[in-house]
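Subject: Structure handover

Hello,

Here is the structure we talked about. Please open it alongside this message; my notes follow below.

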Amino acid sequence: MTAEHRTTATRQPLRAVIADDQALVRTGFKMILAADGIEVTAEAADGAEAVAAVRRTRPDVVLMDIRMPEMDGIEATRRILGSDGPQETRVIMLTTYDLDHYVYAALTAGASGFLLKDVTPEHLVSALRLVRSGDALLAPTITRRLIERFAPHEEPRTIAPHRDLSGLTPRELEVLRLLATGLSNAELASHLSLSPTTVKSHVGRILSKLDLRDRVQAVVLAYESGLIAPGRGA
C-alpha cells in the first residue's frame, strides 16, 4: 500500500468482516465496532463463509477466529490473502490463549497480528484502525518470541523464488536482519548511525521489494528464508 493509497483509505469509513463460530462473540464484536462507526459488512461462522464474505464485500479488515469448523481460520486466511484475493484486506486473528501455537501458522499465512478474545473495546477498535493504516499489530519483538518458540529448529531452507532476497541491497539485508531481532526504527537508526527517516525509507523499500504487507511479515520472512535461524539471533 503506497502512502497516497494509505492516506486515502484512512479517510474512508472502515469496513470489517467478523468470522467466529460463536454467535455471541460475533454479536458482541459487531456492537463494539458499530458504536465506533465501523461497518460490519458480513459475519461468518466458519472459514469457508469468511472467504466468501471477503470476496463478496471486500472489507478493510477481517477479525478471524483461529479455530472454526469445516475450514479453520488459518486456511481461510491463506485463501483470503492469496494472489487472487483483495490486495488491501488485512486479517487479525482471534485466539483464546496468549501465544497459542496456531498463531505462528497464522502469521506465516499472512495475518497482520492477533488479538485475545477478551480484548477491551478500545483496544479492539484501535487494532482495526492500526492494521487498516498498513501497520502491523504485533511488535517485532513479540513476533520474534513467537517464532523462537514455535518455528521448527532446522537448518535454513532454500529461499522460495518469490521470496528471493537477492533484490535487496547489502544495507537493506542488514536492516532486515536487525529488524527481525526486534529492533524498532529508532533502535535501528542508532545501531546503524542513520537518521530515522533513512531507516524508515529502507524498511519501506524492503517491504515493497519483497511484496510484504508489514513488519510482522518481514520478521517471519527473515526466519523462513534462513536469513536468521531461531535461537541464533542476528
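Strand 1 (residues 15-19) is mostly covered, with four of its five residues buried. Buried means under 20% relative accessible area, exposed over 50%, and partly exposed in between (1.4 Å probe, protein chains only). Strands (E, at least two residues) and helices (H or I, at least four) are DSSP runs, numbered from the N terminus.

This is a predicted model: local features need pLDDT of at least 70, side-chain atom pairs count only at pLDDT 80 or more, and totals for chains, interfaces and linings use all residues. Residues are numbered from 1 along each chain as its sequence is written, and side-chain values use heavy atoms, with hydrogens and water left out.

Strand 1 pairs in the parallel sense with strand 2 (residues 39-44), over five bridges. Two strands pair if DSSP finds at least two bridges between them. Opposite isoleucine 18 stands glutamate 43 of strand 2.

Strands 3 and 4 (the latter residues 90-95) pair in the parallel sense over five bridges.

What is the order of the five strands in the open sheet? It is 2-1-3-4-5, with parallel pairing. Strand 2 and strand 5 (114-116) are the edges, each pairing on one side only.

**Cores**

The largest nonpolar core has 54 residues. Met64, Met93, Leu176 and Leu210 touch the most other members. A nonpolar core is a set of buried Ala, Val, Leu, Ile, Met, Phe, Trp, Tyr and Cys residues joined through side-chain atoms within 4.5 Å. Helix 11 (residues 215-224) gives the largest share of this core, seven residues. A second, separate core of 20 residues includes Leu14, Leu94, Val125 and Ala127.

**Helix 6**

In helix 6, Leu124, Val125, Ala127, Leu128, Val131 and Arg132 are buried. Seen down the helix 6 axis, the buried residues fall within an arc of 155 degrees, so they line one face of the helix. The arc is that of the directions from the helix axis to the C-beta atoms. Just after helix 6, glycine 134 takes a positive phi of about 105 degrees.

Best wishes
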